[in-house]
Amino acid sequence: MPLRSKYLFIASMDVDPAREALFNEVYNTEHCPLLSRVPGVVSVTRFETQKLTMIMGGETRTIVMENEPKHHALYELEGPEVLTSPGWAEAVDQGRWPGQVRPYTRNRRHVLLRMTYPEA
């Protein structure tokens, strides 16, 4: 995935199994579309953690990360100030997310990354 900006915000979490269908529906049809319209948000993409088996040092290894969240949303941003903007503040609390989804999430992790290669 070629990045178009220097910043990547990653929001990761788990959700109560009984709420997973609602979580995915709201995330895909409301939450991501709302946040993608915030000025300074370049793109929004979601992923789910998968089993990882790879060759390293000449041997095949399965890598297990304990307590790694299942769900990950990647937000490509023009800059870190997007996360404290009025547009972000409004969008992050719209729709069903704050009342019907967020209370049932856990193991939340938020990471802001700045691109270091290639140099821009």
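How many nonpolar, polar and charged residues does the lining of the largest pocket have, by class? The first legend below answers this question after a note on the model.

The model is predicted: local features need pLDDT of at least 70, side-chain atom pairs count only at pLDDT 80 or more, and totals for chains, interfaces and linings use all residues. Numbering starts from 1 along each chain as its sequence is written, and side-chain values use heavy atoms, with hydrogens and water left out.

**Figure 1. Lining of the largest pocket.** The lining comprises 4 nonpolar, 3 polar and 2 charged residues; Ala, Val, Leu, Ile, Met, Phe, Trp, Tyr, Cys and Pro count as nonpolar, Asp, Glu, Lys and Arg as charged, and the others, Gly among them, as polar. Thr49, Gln50, Lys51, Leu52, Thr62, Ile63, Val64, Met65 and Glu68 form this lining. A volume of about 160 Å³ is computed for the pocket. On a 1 Å grid over the protein atoms alone, a pocket is an open set of points where a 1.4 Å probe fits, with protein on both sides within 12 Å along at least five of seven lines, and lining residues have an atom within 4 Å of a point. Grid points are joined across faces, edges and corners, and the volume is the space filled by probe spheres set on the points.

**Figure 2. The protein chain as a whole, for orientation.** The chain has 3 helices and 6 strands, in the sequence order β-α-β-β-β-β-α-α-β. Helices (H or I, at least four residues) and strands (E, at least two) are DSSP runs, numbered from the N terminus. Along the principal axes, the C-alpha atoms fill a box of roughly 50 × 45 × 20 Å. Of the 120 residues, 34% count as buried; buried means under 20% relative accessible area, exposed over 50%, and partly exposed in between (1.4 Å probe, protein chains only). Among contacts (heavy atoms within 4.5 Å) with a separation of 6 or more, 79% are between residues 24 or more positions apart.

Figure 3. Thr105 belongs to strand β6, which spans residues 105-114. This residue counts as buried because its relative accessibility is 12%. A polar atom of the Thr105 side chain lies 2.8 Å from the backbone oxygen of Arg102. The side chains of Thr105 and Arg108 are joined by a polar contact of 2.9 Å. A polar contact is a pair of N or O atoms within 3.5 Å; within protein, one must be able to donate a hydrogen and the other to accept it, and residues adjacent in sequence count only if both atoms are side-chain atoms. Beyond the neighbours within four places in sequence, Thr105 is in contact with Met13, Asp14, Val15 and Phe23.

Figure 4. Asp14 is found in strand β1 (residues 7-15) and is buried because its relative accessible area is 16%. Its side chain places a polar atom 2.8 Å from the backbone nitrogen of Lys70. Pro69 is 55 residues from Asp14 along the chain, yet their C-alpha atoms are separated by 5.2 Å. Leaving aside neighbours within four places in sequence, the contacts of Asp14 are Glu68, Pro69, Lys70, Tyr104, Thr105, Arg106 and Asn107.

Figure 5. Most residues other than glycine have a negative phi, and most peptide bonds are trans. Asn67, although not a glycine, has a positive phi of about 60°; this residue is in the loop between β4 (59-63) and β5 (71-77). Asn67 counts as exposed because its relative accessibility is 58%. Asn107, in strand β6, has a positive phi near 55° and is partly exposed, with a relative accessible area of 29%. A cis peptide bond, with omega of about -5°, joins Tyr117 and Pro118, and Pro118 is in the segment after β6.

Figure 6. Strand β3 (residues 52-56) and β4 run antiparallel and are joined by 5 bridges; two strands pair if DSSP finds at least two bridges between them. Met56 has Glu59 as its bridge partner in β4. The hairpin has 2 residues between the strands, and Gly57 takes a positive phi near 65°.

**Figure 7. Asn24 in helix α1.** Asn24 is in helix α1, residues 20-36. A polar contact of 2.9 Å joins its side chain to that of Arg46. Apart from neighbours within four places in sequence, Asn24 is in contact with Arg46, Glu48 and His71. The C-alpha atoms of Asn24 and Glu48 are 11 Å apart in space, with 24 residues of separation in sequence.
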